[in-house]
Amino acid sequence: MEKIWLCLAHMSEAGEEMKYIREAFDTNWVVPLGPNVNGFEQDLEQLCGHDKHVVALASGTSAIHLALIMLGVTRGDEVICQSMTFSASANPIVYQGATPVFVDSERDSWNMDPNLLEEAVKQSIARTGQKPKAIIPVYLYGMPAYIDDIMDVARRYEIPVIEDSAEGFGSNWRGQMVGTFGDYGIMSFNGNKMITTSGGGALICPSIEAKKRVMFYATQAREPLPYYLHKEIGYNYRMSNICAGIGRGQMTILDQHLAHHRMMCDFYVKHLADIDGITVHVNPDERFDSNYWLNTILVDPAKTGGVTYDDLRLALDAAGIESRPLWKPMHTQPVFSGAPAVVNGVSEDLFAHGLCLPSGPMVKEADAHRIVATIRQALR
Ligand SMILES: *Cc1c(COP(=O)(O)O)cnc(C)c1O
């Protein structure tokens, strides 16, 4: 039987990606700039709306790094970051010599708890005598956060927000796409994300001036002179014209991908919701519109007769189906053991009970039936 994966890259049937790549070869734009990069950025700006400006970059991680640089984050600063996330949300804080301060989640969206955020801001000010330099909320598995409340705290204390929307491409909060609420927003086009450029990312910027400055840092901070003059440290973070060609092709099937991930959510709800002890994570109310990048379940062994999320993971694995525990909170990671954290137990509880299920466009209907049948079997 064929292996079923969580979220594999999936190209358009029309071969749009190859068309743009071939164009790049034919015109010899095989460099980290060019018509595909410009075209992809235009596509992304159109999607964002709200007068945002987008820079295509080498990865989502480099986008977070450049946003921190734009906000002047440096040695000795503190930056608040959601604890329940992938390490890439927090690593760039350390690249800048700053300290991450981790904030736990609320139960509805699994994302940053706005009340704990305010508590973390107060603690940070008491500890360092200055405000944290930035706040990084995350849209875990595509689920929007209580971003209005997070922005409210951020505005009251005048702290900039970098939205890590790497997993939230195409998700909306009150009809507005996530990544467009804060000062900066980041996107990821890694191979396993909602759309891919094989590897890549983008930074959503608040102005054309900010976009130009980000492009300056992303291309080695070269001053505009005929010879190479450098007054600042730069980075080689621009997206290649080949990768951007894949991205332009992928934009033609974005709606198809979003529809598939949401359809998978409906399928899991329909086929798992009646099982005692299994909860499918869905939009908490109508303000949330998740892209369901990865569909997730919580398993309560007290109600499943002792069957845990990890028993299900092993059963799925034995049946050739990939599943994965939820992100292990950053405040429990050995690499961040010294970092301050404001916790309420929610992220640790989610990590102890949750599982990600296959959700990408390569998961066909027969696969979906095989997945729920395997779960039901394991619970018997
Ligand atoms: C994937 C991901 C990133 C990093 O994106 P890359 O393009 O892989 O560098 C950052 N944050 C979160 C939450 C992610 O899932």
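# Rings, charges and cores in a predicted model

Student: Let's start with Lys-3. Which ring does Lys-3 lie over?

Tutor: Lys-3 lies over the face of Trp-5, at 5.0 Å from the ring centre. Keep in mind as we go that this is a predicted model.

Student: Noted! Which residue does Lys-3 meet in a salt bridge?

Tutor: That would be Asp-317, with an N to O distance of 3.7 Å.

Student: How many salt bridges does the count come to?

Tutor: The count comes to 17 salt bridges. One of them joins Arg-174 and Asp-148, whose closest N and O atoms are 2.8 Å apart. This pair also links distant parts of the chain: Arg-174 is in the loop between strand 6 and strand 7 (176-177), while Asp-148 is in helix 6, and they are 26 residues apart.

Student: Is Arg-174 buried or exposed? And what about Asp-148?

Tutor: Arg-174 counts as exposed, at 54% relative accessibility. Asp-148 counts as partly exposed, at 30%.

Student: Which residues do salt bridges with shared partners join into one network?

Tutor: Glu-41, Glu-45, Lys-211 and Arg-238 form that network.

Student: Changing topic to rings. How many aromatic pairs does a search of the whole structure find?

Tutor: The search finds 12 aromatic pairs. Take Tyr-146 and Phe-288: their ring centres are 5.3 Å apart and their planes are at 75°, so this pair is edge-to-face.

Student: Where do Tyr-146 and Phe-288 lie in the chain?

Tutor: Tyr-146 is in the loop between strand 4 (134-136) and helix 6 (147-156), and Phe-288 is in strand 11 (residues 288-289). The pair links distant parts of the chain, 142 residues apart. Tyr-146 and Phe-288 are both buried.

Student: What does Trp-173 form with Phe-288?

Tutor: Those two form an edge-to-face aromatic pair, 4.9 Å centre to centre and with 80° between the planes. Trp-173 lies in strand 6 (residues 172-173) and Phe-288 in strand 11, so the pair ties together parts that are 115 residues apart in sequence. Trp-173 is buried, as is Phe-288.

Student: Which residues do ring pairs link into a cluster?

Tutor: Phe-86, Tyr-141, Trp-293 and Trp-327 make up that cluster.

Student: And where does the charged end of Arg-222 sit?

Tutor: The charged end of Arg-222 sits over the ring of Tyr-228, 3.7 Å from its centre.

Student: Now the nonpolar side. Which residues in the largest nonpolar core touch the most other members?

Tutor: That core has 35 residues, and those touching the most other members are Phe-40, Leu-44, Tyr-141, Phe-169, Met-187, Phe-189 and Leu-326. Helix 2 gives the most to this core, with 4 residues.

Student: Why does this core lie between domain 1 and domain 2?

Tutor: Domain 1 (16-251) and domain 2 (254-379) both give residues to this core, so the core lies between them. Leu-326 gives you a local view: leaving out residues up to four places away in sequence, Leu-326 touches residues including Met-84, Trp-110, Tyr-141 and Leu-350. Another core, of 34 residues, lies apart from the largest one, and Ala-67, Val-73, Cys-81 and Tyr-237 are among its members.

Student: Last one: what separates the centres of domain 1 and domain 2?

Tutor: Taken over C-alpha atoms, the centres are 26 Å apart. The contact takes 49 residues from domain 1 and 39 residues from domain 2.

Methods:
Residues numbered from 1 in each chain as written. Predicted model: local features only at pLDDT ≥ 70, side-chain atom pairs only at ≥ 80, totals over all residues. Heavy atoms only, no water. Phe/Tyr/Trp six-rings, centres within 6.5 Å; stacked < 30°, edge-to-face > 60°. Helix = DSSP H or I, 4+ residues; strand = E, 2+ residues; numbered from the N terminus. Buried < 20%, exposed > 50% of the residue type's maximum accessible area, 1.4 Å probe, protein only. Lys NZ or Arg CZ within 6 Å of the ring centre and 35° of its normal. Salt bridge = Lys/Arg side-chain N within 4 Å of Asp/Glu carboxyl O. Core = buried A, V, L, I, M, F, W, Y, C linked by side-chain atoms within 4.5 Å. Domains from an automatic or database assignment. Contact = heavy atoms within 4.5 Å.
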